Amino acid sequence: MKKLLSPALAILLFLVPTLTACGNQTGTAGTPEAGASVKQELTANLAGEPYSLDPAIATDTKSFWIIDHLYEGLYAFDKEGNVVEGAAKKVEISPDGKTYTFTIRDDAKWSNGDAVTAKDFEYSWKRVLHKETGATNAFYLYYIKGAEAYNKGEGKLEDVKVKATDDKTLVVELNAPTSYFPKVMMNNVYFPVNQKVVEGNKNWVAEANTLVSNGAYQLASWEHDSQLTLTKSETYWNKSNISMDTLHFKMVPDATTYYQMYKTGELDIIDTLPIDAIEQEKNNAEYVSLPKFGTYLYTFNVTQEPFTNAKIRRAFALAVDRDQLTKNVTKAGETPAFAYVPQGVKTAGSDFRKEKPTYFTFDPTEAKKLLAEGMKEEGWSKLPAVTLKYNNAQNHKKVAEALQQMFTNNLGVDVKLENQEWKTYIDTYKQSNFQMARMGWVGSFLDPVAMLDYYLGESPNNQAKWVNPQFDELMEKAKVEQDEAKRNQYLHEAEDVFMQDLPVLPLFFYSQNYLNTKTLKDVTYSVYKNPDLRWAKKGAE
């Protein structure tokens, strides 16, 4: 496979590929080479039922981890974390940077044996844009000419400039030259689905015997809410380079339980260790830790009292001691977040976050003052009751309880807690059925746009219901600006507007921790994706 090295395609992804795991380092666990007698299968923990294995519909990291192993887009990651041609064997870009011509591999196949064609990609991308599909990440296709207008019901399908000119050739025309477009295409909404399968069964994605995919693995079995298993696809064009034959994913949400399962050998790899176990594992050679391009936050619903008032939102933000939260509650090396976009992405030559690291500080006195001012503006003598919602994982519960105590101590506000099982919680969140709700956003590519786009006024992912035309305008300017310094300026100005209004309560920038058994090596870790298991190998102790 050819690495994409031209200026328009060179992509710095900050992946952490195949290093040796040890305390406080990033990478993978090193063991002897796997012997011929060692079965190449591993067991990981998904921590819950995936919301959907339809790449058009999924928005959560549980689903993404499975989808990334089942499907392959026109671009893909190689073992070293480079972006290379995937289902496309060749990519040509016009001199003006606006037209991409992809040639599909002759040996690209679906798991049912059908040939993967350019028409599959045209169908799949336009399916994402159909309003009836309900794809909340459809906006990632808005770089394509005509896509946004059609998705919003203001344009025609035939004006969406994605065209299969024959079975092997896909031509894509962008609104403007976009140097980072290959990064954007790593989002799951750019993955293909099989038209015949999708249109032949409305529940095609619900069971192992009906789901058809084109990636390194196929779905072999699915015991809902218990376990799913992927096996190496015999029809995958690059199957000879896939070393791990079978992937089992348990669905155990309780951190203490899956930690014990790892300790007894039932799991080969786990993430999000129980908070109480992190300190004792940090010096373990099996411990892997790395920053993640994501932000752990609570979303305010700005249409629900009391968070209709910006001063009250800011009061809640200033009342949280993030240093105490990360040092004494989460304990995994997270960075306190006094802004929204995480560290780790370079724009115009330096780290975007370091250019403007803070927008506020922990300040209980100012928080109480703002709360009083906000209540006065609204004519409230008593603050409306507040309920904080979160999904029912042990670590999230501890964070929620810590926030509850801080709001009592630092604001004099009693906040109720409510938790839900993951799939129910996702639906609750998507419907904006909350006042404050836990969420973590991880960028689907390494760029500030990947984080800020969630809160565009018409974004289906903007469950805060926050709309600011100035923010939207700055983001539009940033997406078409070719001068990197100006683009960087627009992105900072957009975050300025966002942080002034504070439709979210940022808590910390993620630090992801894993335990990776000594018998498992060559797991590829990423700062914004779940571990890539395609080239993992099992060996002896």
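Predicted model: local features only at pLDDT ≥ 70, side-chain atom pairs only at ≥ 80, totals over all residues.
Q: Where is threonine 178 placed, and which residues does threonine 178 touch, not counting residues up to four places away in sequence?
A: Threonine 178 belongs to the loop between β7 and α4 (181–184). With those sequence neighbours set aside, the residues that threonine 178 touches are Gly97, Tyr100, Tyr143 and Lys479.

Q: Why is threonine 178 called buried?
A: The relative accessible area of threonine 178 is 6%, and buried means under 20%, so threonine 178 is classed as buried.

Q: Serine 432 and lysine 331: how does each stand against the cut-offs for buried and exposed?
A: Serine 432 has a relative accessible area of 7%, which is under 20%, and therefore counts as buried. Lysine 331, at 25% relative accessibility, falls between the 20% and 50% limits and is therefore called partly exposed.

Q: What is noted about phi in lysine 331 and serine 432, and where do these residues lie?
A: Phi is near 60° in lysine 331, a positive value in a residue other than glycine, and this residue lies in the loop between α9 (322–330) and β13 (335–336). For serine 432, phi is near 55°, again positive in a residue other than glycine, and serine 432 sits in the loop between α13 (422–430) and β18 (436–442).

Q: What kind of peptide bond joins glutamate 305 and proline 306?
A: The bond between glutamate 305 and proline 306 is cis, with omega at about 10°, and proline 306 is found in the loop between β12 (287–300) and α8 (310–318).

Q: What makes β5 and β7 paired strands?
A: Pairing requires at least two bridges between two strands, and 5 bridges join β5 (residues 99–104) to β7 (residues 169–173), so the two count as paired, and they run antiparallel. Within this arrangement, threonine 99 stands opposite glutamate 173 in β7.

Q: What is the order of the strands in the open sheet, and which are called edge strands?
A: The sheet has 4 strands in the order β4-β5-β7-β6, with antiparallel pairing. The edge strands are β4 (88–93) and β6 (162–166), each of which pairs on one side only. Neighbouring strands of this sheet are turned by 20° against each other on average, direction ignored.

Q: Which helix packs on the sheet, and which strands does that helix touch?
A: Helix α2 (residues 118–129) packs on the sheet and touches β5, β6 and β7, while its direction makes about 160° with that of β6.

Q: Why does the radius of gyration of the chain agree with that of a compact globule?
A: For 541 residues, a compact globule would have a radius of gyration near 24 Å, and the chain has 23 Å, so the two agree. Along its principal axes, the C-alpha trace spans about 70 × 55 × 45 Å, and 61% of the 541 residues count as buried.

Note on methods. Residues numbered from 1 in each chain as written. Heavy atoms only, no water. Axes fitted to C-alpha atoms, helices over the stretch in contact; angles between N-to-C directions. Contact = heavy atoms within 4.5 Å. Rg over C-alpha atoms; globule rule 2.2 N^0.38 Å. Buried < 20%, exposed > 50% of the residue type's maximum accessible area, 1.4 Å probe, protein only.
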